[in-house]
Each structure stands twice: as structure tokens, then as C-alpha cells.
Amino acid sequence: LARVNDQYSSLMNKEDSIKEKFKQALQSTYKVISDEYKVDKNKKNDEKIYNVGEIENIKDINQFKKLRAETDSEALKRRFSNRKLLEKNNPKNPSCRTLYHFAEKIRYELLGSEMLKGISKNFKDNYKYRLESIKQKHITKKEDTNIIDAFEIYMTNKFFKVELSPENKKILKFWEKDFENSINEHFDFLSENLENQEVYNAKFSEILESMDIFENDDTTEKEN
């Protein structure tokens, strides 16, 4: 029994050591990608990169990929996304704003993907895992689906070429025509202006505001 306890303790210590090394790797990755080599001790930036509890609870490779992709995304947000520009072009219709902010997330993640192939793979793997978790039962009409889920499916497939599951396609089919009619003609323009946040944000805000799938009164805001 004593030998088993010793082996268990040794195994746990080894696991803790691996997780600590992973934590340090995330911190280093964040600093490099965000171009932030000097840590402000007052801000404690490293502690905000991820939840330490999430590291402790990692059980499989997909959770590992998720945490790694989220760290890359946060670093790219810090490097490439200006909050003032984002807020300046916020759609007036509150129903559009969640989609608008996700479109900005796609923008700075694409910039990171152009920097390093490893970052691109992290995002693609994580989005594939994320989209597989989006499932809705008894879908027979558009009202049975969630537009935010549909937009995420559309954007990750359109910009990151993430392969869609049958469930994803079933959700997207109710919205794809709306998205294609509004976004597809501007796809090249958006792709060419990834480095120009203000132009990209302004165009996406304009696109979303012009879509007739959103209500223009306060009803949607109150419901949300």
C-alpha cells in the first residue's frame, strides 16, 4: 500500500509539474504574440490571460487546444484591436453588437494566423471543436435556431475554412442566404483591410445595420 501511495504521489507531482510548465508556456506565448515583453506588475497581465482553475481541470487534448487558442486570441486582441476604434463604429442597433464584436475577433485572429501557421492551426482546431458542441434539437424552422450560433458557424467557415458538421449545416441553412447576400460581396474588401481596423469595423457595422433580419425597435434589446 505504501508503494502504491508513493507511486501515486510521484504521478501527481509529475502531472503538477507538466501543468506548471504549460502555464509558463502560455505566459511566454502571450508576451511574444502580444508584443508585450515587459510585464507591468501592477496590472498583473499574466493572471488575466487564463483561469488557473481551467489548467487544473484539463482532462483531454481538446481542452488543451481550447486554452491555448484562447490565450493566442487574447494576445492578438491586445496587439491588434483598439477598443476606442471598436466602440467608435459600434452598430446603433444593439441586436447587431454581439455579431459585430465577433467579426472583430475574427479580424485579429486572422492577422495572427498570417503571422504563424501554428496559431492558425490552434484556431482551426478549437473552432472545429467549438462548432461540434453547437447542437439544437428539433430544428424545423428559422425560429428554432440561434442567430449568434449561425453567425459563428458562417464566419469560421467563411474566413477560417473550418469544416462543418451536419448539425452546423442544418443550423446555417436557415441563415446562410441572409449572410451571403449581405457579406459575400464585401468579402474581398474585408480581407484586404484586415490590418485597417477602423475601415474593417466601419464596413462590418454598416453591413450588419443594413441587414433586415434585425428589428429596428427596442423590443429585441429588452428581450436580450
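Predicted model: local features only at pLDDT ≥ 70, side-chain atom pairs only at ≥ 80, totals over all residues.
## Basis of the description

Local features are taken where pLDDT is at least 70 and side-chain atom pairs where it is 80 or more, while totals for chains, interfaces and linings use all residues. Residues are numbered from 1 along each chain as its sequence is written, and side-chain values use heavy atoms, with hydrogens and water left out.

## Packing of α6 and α8

Helix α6 (residues 97-115) packs with helix α8 (residues 147-160) at an angle of about 25°, and their axes are 11 Å apart; helices here are DSSP runs of H or I with at least four residues. The two are therefore roughly parallel to each other, a term for angles under 35 degrees.

Residues of α6 including Phe102, Ile106 and Leu110 take part in the contact (heavy atoms within 4.5 Å), and on the α8 side the residues include Phe151, Glu152 and Met155.

## Salt bridges

The whole structure holds 12 salt bridges, each a side-chain nitrogen of Lys or Arg within 4 Å of a carboxyl oxygen of Asp or Glu. In one of them, glutamate 198 meets lysine 88 at 2.4 Å, N to O, and this pair links helix α12 (residues 197-210) with helix α5 (residues 83-88), 110 residues apart.

Glutamate 152 is buried, at 10% relative accessible area, whereas arginine 130 is partly exposed, at 31% (buried is under 20%, exposed over 50%, partly exposed in between, with a 1.4 Å probe and protein chains only).

Note on methods:
Axes fitted to C-alpha atoms, helices over the stretch in contact; angles between N-to-C directions. Parallel < 35°, antiparallel > 145°, perpendicular 65-115°, else oblique.
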